[in-house]
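Look at the sequence and the model, then read on.

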Amino acid sequence: MRALILLLFLLAGCAFFPLSEADCRPASWRQRGYDDGYFGNLPQDLRLSEECARRFGIQVAGGEYLAGWRDGHDEWDRLMGSMGMD
């Protein structure tokens, strides 16, 4: 039971930590999205858009982020499928 609780806290960890200004100023929104998708993360476009605008007045290029996320997530799906984890 303790392991399950610990796992839930680890998975929800990003919700407990606010974004930094560096998180809101990536070199490329498409690359940021790709990285999130490639590592199997859910899209963070809404969180990024809301928090970056509210805290730092930064606009997120949501279309670029989501295009990158789809590409990264497709790659993640292929990797998981080739490992028999689909």
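A disulfide is a pair of cysteine sulfur atoms within 2.5 Å. The structure holds 1 disulfide. This is a predicted model: local features need pLDDT of at least 70, side-chain atom pairs count only at pLDDT 80 or more, and totals for chains, interfaces and linings use all residues. Residues are numbered from 1 along each chain as its sequence is written, and side-chain values use heavy atoms, with hydrogens and water left out.

**The disulfide**
- Cys24 is joined to Cys52, with an S to S distance of 2.0 Å.
- Cys24 sits in the loop between helix H2 (13-16) and helix H3 (29-38), and Cys52 in helix H4 (residues 45-56), so the pair ties together parts 28 residues apart in sequence.
- Helices (H or I, at least four residues) and strands (E, at least two) are DSSP runs, numbered from the N terminus.
- The torsion about the S-S bond of Cys24 and Cys52 is about -85°, so the disulfide is left-handed.
- Buried means under 20% relative accessible area, exposed over 50%, and partly exposed in between (1.4 Å probe, protein chains only).
- Cys24 counts as buried at 1% relative accessibility; Cys52 is buried at 0%.

**Helix H4**
- Asp45, Leu48, Glu51 and Cys52 are buried in H4.
- Seen down the axis of H4, its buried residues fall within an arc of 145° (the arc of the directions from the helix axis to the C-beta atoms), so they line one face of the helix.
- Leu46, Glu50 and Arg54 are exposed on the other side of H4.
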